[in-house]
Amino acid sequence: MRLTPRDTKYFDLLAALAQHLVRGSSLLAELLGADRAGREKLAEEMHEVEHLADEATHSIMRRLNQTFVTPFDREDISGLASALDDCMDEMDEAADLIVLYKVEGLPDRVSDQVQVLQRCAELTADAMPRLRSMDKLADYWVEVNRLENQADKLHRKLIAQLFDDLASDPVQLMKLKEIVEVLENAADSFEKVANMVETIALKES
């Protein structure tokens, strides 16, 4: 029996933060198919969602400084919140680069990359509320790891394709390569979140 009740508000805050990732990944997918004006508008919406994710992360950090007893290690809560925010930051950066670089056409596999991020975001948002009970989370981190492996393969194929198709246009090559790399970083960030959830679940079991 606990003498001091645990503050369970963290589960709600982490779940709310993860929902921003779902919205961000959806905006990124919309942005790929939009014209230049549409992309600029969607990128602005993405910045707003990124700002909301930052605020959610700061709310968690402030609560950590005010709470004596947390539902699990405060370092794990802090690390998980930061890792979730990193996912949003990477997606926001990708959207920003697409607009800033005025990229007209993106290879089809970039859309495949974003679809992987959308699925990772959905799985992550579904998993966060289940931290409350630590129930049935293994399927989540296994699937995200599988998706990240898929993202790795897409990334390698995309880089090879870019060098094949754009050898005579090094400026465009550099622009597209940077966008592809940032999207790969986003997939890595989602895997980091899943690995942290696995570690937390194992510690709490």
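A salt bridge here is a side-chain nitrogen of Lys or Arg within 4 Å of a carboxyl oxygen of Asp or Glu. The model is a predicted one: local features need pLDDT of at least 70, side-chain atom pairs count only at pLDDT 80 or more, and totals for chains, interfaces and linings use all residues. Residues are numbered from 1 along each chain as its sequence is written, and side-chain values use heavy atoms, with hydrogens and water left out.

**View 1. Asp 73 meets Lys 203 in a salt bridge.** Their N and O atoms sit 3.0 Å apart. This pair ties together distant parts of the chain, 130 residues apart: Asp 73 is in the loop between α2 and α3, and Lys 203 is in helix α6 (residues 170-204). Helices are DSSP runs (H or I, at least four residues), numbered from the N terminus. Asp 73 is partly exposed at 35% relative accessible area (buried is under 20%, exposed over 50%, partly exposed in between, with a 1.4 Å probe and protein chains only). Lys 203, at 43%, also counts as partly exposed.

**View 2. Glu 45 pairs up with Arg 23.** The closest N and O atoms of this salt bridge are 3.2 Å apart. Glu 45 belongs to helix α2 (residues 36-66) and Arg 23 to helix α1 (residues 9-32). Both residues join Glu 30 and Lys 41 in a network of salt bridges.

View 3. Because they are three residues apart in helix α4 (residues 108-127), about one helical turn separates them.

Methods: Helix = DSSP H or I, 4+ residues; strand = E, 2+ residues; numbered from the N terminus.
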